[in-house]
Amino acid sequence: MSITTAVFYLFAAVTVGSACGVAFGRNILYSAFALMGTFLGVAATFVLLGADFLGVVQVFVYVGGILVLTIFAVMLTHRIDVQVSNRAVGRLPGLVLSGVVLWWMIRVATSATWVVGQPGDPVPTTPGIGDAFLGTYVLPFEIASVVLLAALIGAIVLSRKEVGAA
Amino acid sequence: MNDLTLGHFVVLATILFCLGLFCVVTRRNAIGILMGIELILNSANINYVAFARYGHGGYDGQIFAIFVIMLAAAEAAIGLAIVLGIYRSFETIDVEATDRLRG
C-alpha cells in the first residue's frame with residue numbers, strides 16, 4: 001500500500017466518520033460542527049485527485065461560508081426541543097432505505113467496467129480552469145454570477161424584518 | 001506510482017450519498033435536512049472530480065464541480081433565510097408542524 005493510498009484511507013475515514021456524526025447525531029449543533037470535518041475531508045480528497053484549486057474553493061465556500069451560515073441558523077433557531085431532533089420517518093426505515101441504496105449503488109459501481117485512462121502527474125489546474133471559464137464556459141459563468149446576485153438579494157429580502165408592513 | 005483506483009473514490013462518494021440520504025429522510029429539523037443536502041452535493045462533486053481525473057474530460061468535471069459549489073452556496077443562503085422566516089412565523093422549524101402556507 002503506497003503512501004497515497006494510506007492518506008486516502010485516512011481522509012476517507014475522517015470524511016465518513018464526521019458524515020456519520022452529521023447523520024446520526026442527536027444534537028443539531030454537534031451535527032453542524034461535524035459537518036466541518038466532512039467538508040475538510042472532501043477538500044483533501046479533491047487535492048488527492050489533483051484538483052488543487054477546487055480543494056481551496058471547497059474550504060473557502062463550504063467551511064468559510066455555508067458552514068458559518070448553518071451554525072448561525074442553528075443558533076438563531078436554537079431551542080430546547082430542537083436539539084432532540086426527533087425523527088420524521090424513524091431510524092429503522094431510514095436505515096433500511098439508505099442501506100438498500102448503498103448496497104445497490106456499490107454493487108453497480110464495483111461491477112461496472114469504467115473506461116479509465118491512466119492519470120498523469122498532478123499539475124496546477126488554476127490556469128486551465130481560468131481559461132475555460134473565460135472561453136468555453138463564459139456564458140454559464142456569467143449566468144452563475146447573476147444567479148448569485150439574485151440569491152443574495154433574495155436572502156436579504158426573505159430574512160429582513162418588515163418595517164413598513166404590518 | 002499510484003494504486004488508487006476510480007472505485008475507491010466512487011465508493012467513498014456512495015457512502016457519503018447514503019449518509020446524506022439518511023439525514024434528509026430522518027430529520028424533522030429543517031436545518032438538518034439542508035445539511036443532508038450538502039452531504040449529497042459533496043458526494044456528487046467527488047464523483048465529478050474523480051471521473052474527470054480518471055477519464056479524459058480535462059477540466060470539465062472540475063468546472064461542473066465549481067458550478068455545483070456555487071449553486072450549493074446560493075441554496076444554503078436562500079434555504080436558511082426561508083428557515084429563519086419560518087421560525088419567525090411558526091416559532092419552530094419542525095417540518096411536520098409547518099404545514100400552512102398562510103402565516
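Predicted model: local features only at pLDDT ≥ 70, side-chain atom pairs only at ≥ 80, totals over all residues.
1. **Chain B on its own.** Chain B is helical: 3 helices and 0 strands, running α-α-α along the sequence. Its C-alpha atoms fill a box of roughly 60 × 25 × 15 Å along the principal axes. The radius of gyration is 17 Å, whereas a compact globule of 103 residues would come out near 13 Å.

2. **Burial and contacts in chain B.** Of the 103 residues in chain B, 54% are buried. If you take the contacts in chain B between residues at least 6 apart in sequence, 47% of them join residues at least 24 apart.

3. **The interface.** What does each chain put into the contact between A and B? On the chain A side there are 69 residues, and they meet 59 residues of chain B. Six helices of chain A each supply at least two residues to the side that touches chain B: α1 (3-24), α2 (28-48), α3 (52-76), α4 (91-111), α5 (126-133) and α6 (138-159). By class, that side of chain A has 45 nonpolar, 22 polar and 2 charged residues.

4. **The α2 pair.** Have a look at α2(A) against α2(B), the latter covering residues 30-54 of chain B. Their axes are 11 Å apart and cross at about 10°. Angles under 35 degrees count as roughly parallel, so that is what α2(A) and α2(B) are. From α2(A), the residues making the contact include L35(A), V42(A) and F46(A), and from α2(B) they include M35(B), L39(B) and I46(B). E38(B) takes part in this contact too. In total, the contact of α2(A) with α2(B) has 10 nonpolar, 5 polar and 1 charged residues.

5. **A closer look at I78(B).** This residue sits in helix α3 (residues 60-90) of chain B. Is I78(B) buried, exposed or partly exposed? I78(B) counts as partly exposed because it has 17 C-beta neighbours inside 10 Å, and a buried residue needs 20 or more. Leaving aside neighbours within four places in sequence, I78(B) is in contact with A151(A), G154(A) and A155(A). As for T26(B), I78(B) is 52 residues away from it in sequence, with 22 Å between their C-alpha atoms.

How values were computed: Residues numbered from 1 in each chain as written. Chains lettered and ligands numbered in written order. Contact = placed C-beta atoms within 7 Å. Helix = DSSP H or I, 4+ residues; strand = E, 2+ residues; numbered from the N terminus. Nonpolar A, V, L, I, M, F, W, Y, C, P; charged D, E, K, R; others polar. Buried ≥ 20, exposed ≤ 12 C-beta atoms within 10 Å, placed from the backbone. Axes fitted to C-alpha atoms, helices over the stretch in contact; angles between N-to-C directions. Parallel < 35°, antiparallel > 145°, perpendicular 65-115°, else oblique. Rg over C-alpha atoms; globule rule 2.2 N^0.38 Å.
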